[in-house]
Amino acid sequence: MKFNIVTLFPDYFSLTLKQSLLGKAIERQLFDIEIINLRDYATDKHRTVDDTPFGGGGGMVLKVEPLDRCLKALGYYHSDHRKAGNDNERIILTSAAGKKFDQPRAIRYSLCERLTIICGHYLGVDERLRHLYDLDEVSIGDYVLSGGEPAALVIVDAVARLIPGTMGNFETALEDSYMDNILGAPCYTKPAEYEGFEVPPELVAGNHKEIKLFRRREALRKCLANRPDLITEADLSIEEEAELKRSTDKIKKAEKEKDNNG
Ligand SMILES: C[S@@+](CC[C@H](N)C(=O)[O-])C[C@H]1O[C@@H](n2cnc3c(N)ncnc32)[C@H](O)[C@@H]1O
């Protein structure tokens, strides 16, 4: 797998990509990341890549020509690329107005051979780039960043950890939040007691069946508390459905009592 990151700030990535899981995986050549300076595709002596917006208003817009030149240099030819709708290599445009970047999308991207991520800046990117190329316009959340660099790092991290070999134990990823449309279970480590709070006995007793049941139950509980919207998509057993209904009724009752008292 090869990641290309197109940015105005190449230094933003230099330290981060040497750290932790990603740094080790790059060292072991499990994937490769190339940081590309968009200014290398400017043609004037000031290396201009932005200009004022048509229609007025403040701010600057990233010009379409340097981005087009850059993508062509990476081997994408816009008419061909649009037609191909190639799932093996995607071009991602980071954008606050994009489609949600979530775990299913991270899994899809982890199966690609090449991902090119464009970091926007200022007001964003000239809209015509979207017409020229088959881009995935992707947002990492409902807020506005000053540039696409943090978003690119988020995408690389979420995708790269799914590439075989990156994680020491891939099994753990299968238990992560969002892998099964629910959240991950809470976890504990030593000491077994801290400030009067004990580790749940199911985790200490060493019975694998009990541990599995406990984790599933707690994951569902967390999901109900933090992300009830996810549960409708989760694959639940009949017992879990019943348990969930009991918990939901309990929460609703408590909320009603609170309203009545307040
Ligand atoms: C200041 S933002 C531009 C916001 C844009 N004018 C809008 O209203 O959607 C500059 C750049 O940051 C990046 N960016 C901002 N928020 C983002 C988000 N939530 N997800 C991904 N990229 C984001 C994009 O690359 C964007 O072009």
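Two housekeeping notes before we start. The model is predicted, so local features need pLDDT of at least 70 and side-chain atom pairs count only at pLDDT 80 or more, while totals for chains, interfaces and linings use all residues. Residue numbers run from 1 along each chain, as its sequence is written.

Let's begin with the whole chain. It has 12 helices and 9 strands; these are DSSP runs, helices being H or I with at least four residues and strands E with at least two, numbered from the N terminus. Along the principal axes, the C-alpha atoms fill a box of roughly 70 × 50 × 40 Å. The radius of gyration is 23 Å, whereas a compact globule of 262 residues would come out near 18 Å. That value is taken over C-alpha atoms, and the globule rule is 2.2 Å times the number of residues to the power 0.38. Of the 262 residues, 21% count as buried. Buried here means 20 or more other C-beta atoms within 10 Å of the residue's own, exposed means 12 or fewer, and partly exposed is in between, with C-beta atoms placed from the backbone. Among contacts with a separation of 6 or more, 74% link residues 24 or more positions apart; a contact is two C-beta atoms, placed from the backbone, within 7 Å.

Now to the strands. Strand 6, residues 114-118, is mostly covered, with 4 of its 5 residues buried. Which strands pair with strand 6? Strand 1, residues 2-7, runs parallel to strand 6 and is joined to it by 5 bridges, and strand 5 also pairs with strand 6 in the parallel sense, over 5 bridges. Pairing requires that DSSP finds at least two bridges between the strands. From strand 5 the chain passes through helix 5, residues 103-110, to strand 6, in a right-handed β-α-β crossover. Right-handed means that, with the strands pointing away from the viewer, the path from the first strand over the helix to the second runs clockwise.

Staying in strand 5, have a look at Arg 90. Is Arg 90 buried or exposed? Arg 90 is buried, because 20 other C-beta atoms lie within 10 Å. Beyond its neighbours within four places in sequence, Arg 90 contacts Tyr 109, Cys 112, Leu 115 and Asp 136.

Strand 5 matters for our next stop, the ligand: strand 5, residues 89-100, gives 4 residues to the shell, the largest share. There are 20 residues around the ligand, and Thr 94, Ala 96, Gly 120, Gly 148 and Ala 151 come nearest; a residue is near if its C-beta atom, placed from the backbone, lies within 6 Å. By class, the shell has 10 nonpolar, 10 polar and no charged residues. Nonpolar covers Ala, Val, Leu, Ile, Met, Phe, Trp, Tyr, Cys and Pro, charged covers Asp, Glu, Lys and Arg, and the others, Gly among them, are polar.

Finally, some backbone details. Most residues other than glycine have a negative phi, and most peptide bonds are trans. Gln 29, in the loop between helix 2 and strand 2, has a positive phi near 60°. Arg 47 also has a positive phi, about 55°, and lies in the loop between strand 2 and strand 3. The peptide bond from Lys 190 to Pro 191 is cis, with omega near 5°.
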